[in-house]
Every structure is written in C-alpha cells, then in structure tokens.
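Please keep the sequence and the 3D view at hand while reading.

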Amino acid sequence: MSIRPATHRASGRARRAALLDAAVEVIAEQGVAGATHRSIAARAGMSTSTTSYFFSSLDDLIAAALQVVGDRIVERVDSVTAQVADAELGPQESIDRFVDAVMAEPERDTVAQFEIYLECARRPQLQSTAHQIMASIERGAEASLRALGIAHAQERAPLVVAMLDGLALHRHARPRGPSDRRVITDAMYALHRGFVEADAD
C-alpha cells in the first residue's frame, strides 16, 4: 500500500482549507442558498470537481464551512472571556473590552453565524454548530457578569447574548458607522445598571 508523502497531505489540507474559506465568503455574500459547488470552487480558484474530491456532498461542505466559523467565534469569545475574568477589571473597562471584541468580529463571520441560525430548521445537522456558538458566547457573558459581581450570572447571560445578537442584526441591516459602537456600549451599560439595581432591591 502506497503512502502519500507529507507534502502531498499538506497540499491537500491547504486546498481543503481554501475551499472552506471560499464557502464562508460565498455564504456571507449570497446566503446558504447561493452556495453551490460551482460558486465555491470558483471563489477558491479551483475546478468544480475539487469540491467533490474533499466533500461527499454540498451539505457536508456547507456544514464544515460553518463549523469553521463556529470554531473561530468560540476561540475569540473564549480569549476575551479569559482577559476579562483574569484582569479583575471594573465595569466600564470590562464592558469596553467586550464591545471591542464584538466590533472586531469579521463581518463575514457574523453574517455566516446568523446563516447558521436560520438554516438550523432546514438543516438539523447545523444545530450542534449553532449550539456550540451560543454556549460559548453565553459562557463569555456569564464569566463577565460574575467578574463584575452580578448575581444570577448564569440565568442572565442569555439576556446579554440576545441583546448582542439583536444589535448585530440591526447593525448589518442598517449600518450607522461609528454610532454602532456607541449603541452597543450604551446598551451594555444600561443592562449592567439594570442588573445592579435589581440586585439592590
């Protein structure tokens, strides 16, 4: 039995990764419905048959591409969570760092994230990726709330995530430039004040 040389395997991994990146770009621009073997291969600069070589079906390719997005989001959220939790920051600086992370999110990843959510009803195999993303962001919100001394952090974390997701949708549907950051920051401050006041009652 022949064994493929390491350089061949590395080339194969690079081509597969390029296809996945191309798929994410196509999905972000045209939605899942616009992601075809042809459009993805063209974006990657490869022949259409290349997609079938690496993936057994278009659904598998799309699921793998969206998993890449999910992994990237999880990695970024976990990194920011660690920074906030370990630095013992005050409320303002903690919120500012969280907002920095939100605003730094690549637009294509954010759009692809919502494509995952919307496609879950039609493609149940994407649910695990959606749940992974949601759980990671909720963990980040929960850790940040705990670092700020907010009670009931686990129960309140989904409220933070729902607000951020809603604002992200609005930001992409109606971009307002620099004011987008102010809206998110003000909303986070208001939510934090609401939690503090509720705990004081």
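A crossing of two helices is called right-handed if the near helix is turned clockwise from the far one by less than a right angle, and left-handed if anticlockwise. In this predicted model, the crossing of H8 and H9 is right-handed.

Helix H8 covers residues 153-173 and helix H9 covers residues 179-200. Their axes lie 11 Å apart, and the packing angle is about 160°. H8 is therefore roughly antiparallel to H9, because angles over 145 degrees count as such.

On the H8 side, the contact includes Arg156, Leu159 and Met163. On the H9 side, Asp180, Val183 and Phe195 are among the residues met. The residues of this contact divide into 12 nonpolar, no polar and four charged.

The model also holds three cavities of 30 Å³ or more. Two of them are set out here.

| Cavity | Volume | Lining residues nearest the centre |
|---|---|---|
| Largest | about 280 Å³ | Val77, Ala101, Val102, Glu105 and Ile137 |

The largest cavity is lined by 16 residues, which divide into 10 nonpolar, two polar and four charged. Helices H4, H5, H6 and H8 each give two or more residues to this lining.

How values were computed:
Residues numbered from 1 in each chain as written. Predicted model: local features only at pLDDT ≥ 70, side-chain atom pairs only at ≥ 80, totals over all residues. Heavy atoms only, no water. Axes fitted to C-alpha atoms, helices over the stretch in contact; angles between N-to-C directions. Helix = DSSP H or I, 4+ residues; strand = E, 2+ residues; numbered from the N terminus. Parallel < 35°, antiparallel > 145°, perpendicular 65-115°, else oblique. Contact = heavy atoms within 4.5 Å. Nonpolar A, V, L, I, M, F, W, Y, C, P; charged D, E, K, R; others polar. 1 Å grid on protein atoms, 1.4 Å probe; cavity = no way out; pocket = protein on both sides within 12 Å on 5 of 7 lines; lining within 4 Å. Points joined across faces, edges and corners; volume = space filled by probe spheres on them.
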